[in-house]
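Colleague: I am new to this one. Could you show it to me, and let me ask how you know what you say?

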Amino acid sequence: IQKKRISYEEKKEKIYHPIGKKLIEIALKKKTNLIFSADLIYSKKILELVNLIGDKICGLKLHVDIISDFSFSFINFLKKISLKKKFLLFEDRKFCDVGTTNYLQLHHGIHKISSWADVITVHVLAGSKSIENLNIPSNIGLITISEMSSYGRLSDDNYIRKALNISLKNSKVIGTVAQRKVDNRLLLFTPGIHFSDSIKNYKGNSYIHPNQAFIKKNCDFIIVGKAIYQSDNPKIVAENYRKAGWIAYENSF
Ligand code: BMP
């Protein structure tokens with residue numbers, strides 16, 4: 001495993017999946033590695049925020065199953081904004097079942113995730129086969145969850161090593177969530193990001209500064225939720241995270 005920090009340009013050559021390449025292209029073009037996690041329960045609020053900060057992000061991460069007034073007109077609005085402002089739509093569903101159930105949850109039900117998401121998250125707890133026959137189109141990329149950011153997570157080194165191996169062997173996987181350096185053929189996504197030292201531990205989730213994420217862990221993309229949507233001025237705060245993430249990336253070589 002090569003763990004030396006490489007640039008986005010170099011990483012783009014190592015990632016074969018078109019969505020992985022596209023995410024890197026967006027990052028380079030907009031100078032942002034910030035993914036906004038809009039964990040809000042009303043679609044209007046999400047659209048308001050996205051209109052405000054869409055220029056500063058390369059991805060918008062949703063948990064669609066928490067949106068009380070979910071509709072396809074909401075998805076259509078989002079899709080339009082995402083194309084206009086150039087960012088990808090992540091659905092953080094964390095599929096975690098056997099393959100046939102994952103397949104049904106991905107393509108059916110109210111949310112029909114495969115009809116609109118660019119990127120979806122999956123656990124690999126059920127083994128490599130559980131994410132092999134999902135029948136996803138080539139324009140959807142998978143992110144595996146190898147190691148969560150929460151205190152008390154059950155994954156040990158052995159589990160993480162196996163999860164990373166599954167990620168490397170599956171051509172649909174663009175990257176992973178982990179709290180450590182990973183192989184350069186994977187994009188590393190880091191949630192649990194906050195500027196403030198005083199919220200290192202919030203309701204069982206752990207938080208680090210973008211500098212730590214890039215410099216210590218060789219992260220490629222930071223995922224920021226409440227630090228932005230709970231702030232008094234999401235536009236300014238999002239810009240501060242964008243800038244901090246970009247400078248941290250540049251200083252991480
Ligand atoms: P916040 O910055 O508000 O804590 O949001 C973090 C987001 O990232 C949440 O949507 C959470 O579900 C997700 N997440 C996480 O916190 N830790 C992980 O290991 C993986 C996640 O997807």
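Colleague: Where is K112 placed?

Modeller: K112 sits in the loop between helix 5 (99-107) and strand 4. Keep in mind that this is a predicted model.

Colleague: Why is K112 called partly exposed?

Modeller: Its relative accessible area is 39%. Buried means under 20%, and exposed means over 50%. K112 falls in between, so it counts as partly exposed.

Colleague: What is the phi of K112 near?

Modeller: Phi of K112 is near 40 degrees. That is a positive value in a residue other than glycine.

Colleague: Which loop holds K31, and what is its phi near?

Modeller: K31 lies in the loop between helix 2 and strand 1 (34-37). Its phi is near 50 degrees, a positive value in a residue other than glycine.

Colleague: What makes K31 partly exposed?

Modeller: K31 has a relative accessible area of 46%. The cut-off for exposed is over 50%, and buried is under 20%.

Colleague: Where is K29, and how do you know whether to call it buried or exposed?

Modeller: K29 lies in helix 2 (residues 18-30). Its relative accessibility is 66%. Exposed means over 50%, so K29 counts as exposed.

Colleague: How far apart are K29 and S167?

Modeller: They are 138 residues apart in sequence. In space, C-alpha to C-alpha, K29 and S167 are 27 Å apart.

Colleague: Now S130. Where is its place, and why is S130 called buried?

Modeller: S130 is in the loop between strand 4 (119-123) and strand 5 (141-145). Its relative accessible area is 3%. Buried means under 20%, so S130 is buried.

Colleague: Which residues is S130 in contact with?

Modeller: Leaving aside neighbours within four places in sequence, S130 is in contact with D97, V98, G99 and N102. Contact here means heavy atoms within 4.5 Å.

Colleague: What makes V50 buried, and where does it lie?

Modeller: V50 lies in helix 3 (residues 43-53). Its relative accessible area is 0%. The cut-off for buried is under 20%, so V50 is buried.

Colleague: Which residues does V50 touch?

Modeller: V50 touches L60, L78, I81 and F87, not counting residues up to four places away in sequence. As for A38, it is 12 residues from V50 along the chain, and their C-alpha atoms are separated by 8.6 Å.

Colleague: How do you know whether L164 is buried or exposed?

Modeller: L164 is found in helix 6 (residues 157-169). Its relative accessibility is 12%. That is under 20%, so L164 counts as buried.

Colleague: How many cavities does a search of the whole structure find?

Modeller: The search finds 1 cavity of 30 Å³ or more. About 30 Å³ of space lies in the largest cavity.

Colleague: Which residues line the largest cavity, and how do they divide by class?

Modeller: R5, I6, K11, V182, N184, N218 and D220 line it. By class, the lining has 2 nonpolar, 2 polar and 3 charged residues.

Colleague: And what is the volume of the largest pocket?

Modeller: The largest pocket has a volume of about 450 Å³. It is lined by 26 residues, and K61, D92, P191, G192 and N205 lie nearest its centre. By class, the lining has 13 nonpolar, 8 polar and 5 charged residues.

Colleague: Which elements each supply at least two residues of that lining?

Modeller: Strand 3 (88-95), strand 5, strand 10 (221-224) and helix 8 (226-229) each do.

Colleague: Which residues are closest to the ligand?

Modeller: 15 residues surround the ligand, and the closest are D39, K61, S149, Y207 and K226.

How values were computed
Residues numbered from 1 in each chain as written. Predicted model: local features only at pLDDT ≥ 70, side-chain atom pairs only at ≥ 80, totals over all residues. Heavy atoms only, no water. Helix = DSSP H or I, 4+ residues; strand = E, 2+ residues; numbered from the N terminus. Buried < 20%, exposed > 50% of the residue type's maximum accessible area, 1.4 Å probe, protein only. 1 Å grid on protein atoms, 1.4 Å probe; cavity = no way out; pocket = protein on both sides within 12 Å on 5 of 7 lines; lining within 4 Å. Points joined across faces, edges and corners; volume = space filled by probe spheres on them. Nonpolar A, V, L, I, M, F, W, Y, C, P; charged D, E, K, R; others polar. Near = heavy atom within 4 Å.
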